[in-house]
Amino acid sequence: MAPSSVVVTIDKSSNISLVEVSDSDSSVFLEKQKTASTKQFSWMLLLKAHRILSFFPWLAMAVSRTLISVKKRIALGDSGRDEAHYKEKVIYRFIRAFLAISIVALIVEFVAYFQKWNLNFIHEFDPTMEVLGLFHWSYRAWISFRVDYVAPSIMMLSQFCVVLFMIQSLDRFILGIGCFWIKFKNIKPVIDGEDYDVEDASTFPMVLVQIPMCNEREVYQQSIASACQLDWPKDRILIQVLDDSSDELLQILIRNEVNLWREKGVNIIYRHRFIRTGYKAGNLHSAMSCDYVKNYEFVAILDADFQPNPDFLQLTVPHFKGKPDVGLVQARWSFVNKDENLLTRLQNINLCFHFEVEQQVNSHFLSFFGFNGTAGVWRIKALEESGGWLERTTVEDMDIAVRAHLNGWKFIYLNDVKVLCELPESYEAYKKQQHRWHSGPMQLFRLCLPAILKSKISKWKKANLIFLFFLLRKLILPFYSFTLFCVILPLTMFIPEAELPIWVICYVPVTMSILNILPAPKAFPFLMPYLLFENTMSVTKFNAMVSGLFQLGSAYEWVVTKKTGRSSESDLLAFAERESKSFSEDKIQRRLSESGLEMLGKLKEQEAPIEPKKKNRIYRKELALAFLLLTAATRSLLSAHGIHFYFLLFQGLSFLVVGLDLIGEQVA
């Protein structure tokens, strides 16, 4: 049969036929088909080549824009306040000296590399080896000294940090298992007894709501409005607006806002301290000293940027019923601006793990966790028996929680009750917040350690407080993170005998980052930026930990976190619009009576000096570490370390981005 024949077979027993069709032009048809396929393949290759070539102009444009932004940031950035303000130049000087030595070492390594000297592992001098000058001899002497004396010390320190790293990773893993068990069993706190009788207001306990604020111009209206809309009998609730503002005009505005809500029938008062000592703790302590507080059983604390739902008290206060040993009910934070920029997304990952895993697990298994300072309801008796609010640290919330725990009070965490708030959108605000959050616990640890040892709680609870709550999660974490990834790792590039294994710098950190990001699954695309950013923040946390532990200058500094006044609650906006219409006439009449105060405020505002325009900052410690890591990455490239090079490269670039304040809010 010819190759161009076609066979058609019909399967019928009565009629079977074989038909042969021969096409004389079939070879021409095949040639045309081959030609068309070749043209299609050529066009496909051209299209891919065009896409590849078009990528390079886009990349060049992106690099150009980035360099222009960096140039502008260096020209306009403000770096003078960073180090001078915090008075802790020791770490910066250490990093700068380390950087200078690394650059010198890199130059020497370049010379050795191009001279093809293979002297990386020499333990003894070989007298038969030819010495090529004084520089060659000095390099050989350095190699021998490095192997015999420097490398063992670095290896001991790195092994110590690796052990701490593994202990902390194990702690995170156990917390993750505990959270999985709670989710699997659907374990939630339950309310004992019957609900409050809506028809009988006397069945509701007396609740005091405190809103501490200090120069919170952007958020005071929405915070007061949210508190005034809480669903609770009016004669069983009192709202205290605790204003520590230093701006006289802002004091007038807040007082007017309180008067406006009082005219609407809300039981609300305005308090202002003339002697503003003790920051937030002093403000709360002063408010609790009022005579009428003894008439109230519970106190809810809401910071100025927190916006609780109207049912907040209905969901939290009933958990005290039938549980006289419960001193605190804590709600979860929810963030209105978590998708605002990269910085807020990365913060959301950390805080989701904190609330979803740490707080929930510690609440269920230990009945103890650190009070978050807001969005919580305290039994006033627990506060009083624990010594009340103290001004001795910058973490008054953790202080009162530890003292209440030592007195036997139990805590309940409600993961399903969420209160809206804001995340810092600028790196400057976030850095100051983290400094306070990591220096305060070390202050508290020094002060509370004797009380913990003398307390009557069980040995297990004492061990949990000392080793897990304070040492592991507040001291060890920033110590090993900074030492291991920002000091030892770049150092091992110049001392290859003490090289860290790949699993320490790659596998375990990535695994732990995945575990941290599980409570916020939508943030998985930001896994690698999260890992790099956490290492970048280690320098700030380490600095804060050292200042708090050794009582350095900035340990007692309190800086109010900047708010933007963002709100995603459409019902809050609708309520404000509705209320503005119904009370417009009364508001106009009241404003007319206060026109003199407004005029005085306007005059003061005009006379006030014009504040300098806000600028993005330049952070010298982060920049010095960026150049240090990039220098170590260059040295790693000479030795073809592979994963070490990529880690150092991207970590150095991460420090560079943060040092130039290119993360978070950008000021035009």
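Accessible areas come from the Shrake-Rupley method with a 1.4 Å probe, and for residues only the protein chains shown count as cover. On that basis the accessible surface of the chain comes to about 34,300 Å², of which 62% belongs to carbon and sulfur atoms. The model is predicted: local features need pLDDT of at least 70, side-chain atom pairs count only at pLDDT 80 or more, and totals for chains, interfaces and linings use all residues. Residues are numbered from 1 along each chain as its sequence is written, and side-chain values use heavy atoms, with hydrogens and water left out.

**Overall make-up**
- The chain has 20 helices and nine strands; helices (H or I, at least four residues) and strands (E, at least two) are DSSP runs, numbered from the N terminus.
- Of the 668 residues in the chain, 50% are buried, where buried means under 20% relative accessible area, exposed over 50%, and partly exposed in between (1.4 Å probe, protein chains only).
- Taking contacts (heavy atoms within 4.5 Å) between residues at least 6 apart in sequence, 80% join residues at least 24 apart.

**Nonpolar cores**
- A nonpolar core is a set of buried Ala, Val, Leu, Ile, Met, Phe, Trp, Tyr and Cys residues joined through side-chain atoms within 4.5 Å.
- The largest such core has 88 residues, and V209, F312, L313 and W378 have the most contacts inside it.
- Strand β9 (residues 410–421) supplies the largest share of this core, seven residues.
- A second, separate core has 51 residues, including V487, I505, L629 and L648.
- Beyond its neighbours within four places in sequence, V209 is in contact with A227, L230, I237, L238, I239, Q240, A300, L302 and L313.

**Helix α7**
- Helix α7 (residues 279–288) is mostly covered, with eight of its 10 residues buried.
- The buried residues of α7 are K280, A281, G282, N283, L284, S286, A287 and M288.
- Their cover includes the strands β3 (207–213), β4 (237–243), β5 (268–272) and β6 (298–301), as well as the helices α10 (380–385) and α11 (396–406).

**Buried asparagines**
- N362 is in helix α9 (residues 342–366) and is buried, with a relative accessible area of 9%.
- Apart from neighbours within four places in sequence, N362 is in contact with L175, S367, F368, F369 and R473.
- N464 lies in helix α13 (residues 459–494) and counts as buried at 5% relative accessibility.
- Not counting residues up to four places away in sequence, N464 touches L366, F368 and F469.

**Cysteines**
- The structure holds zero disulfides (pairs of cysteine sulfur atoms within 2.5 Å).
- C290 is buried at a relative accessible area of 14%, and C448 is buried at 2%.

**Nonpolar surface patch**
- Patches are made of residues with over 30% relative accessible area and no salt bridge; like charges are joined within 9 Å, and nonpolar side chains (Val, Leu, Ile, Met, Phe, Trp, Tyr) within 5 Å.
- A salt bridge is a side-chain nitrogen of Lys or Arg within 4 Å of a carboxyl oxygen of Asp or Glu.
- M166, I502, W503, Y507 and I643 form a nonpolar patch on the surface, with about 450 Å² of accessible area together.
- Helix α14 (residues 502–517) gives the largest share of the patch, three residues.
- W503 lies in helix α14 and counts as partly exposed at 37% relative accessibility.
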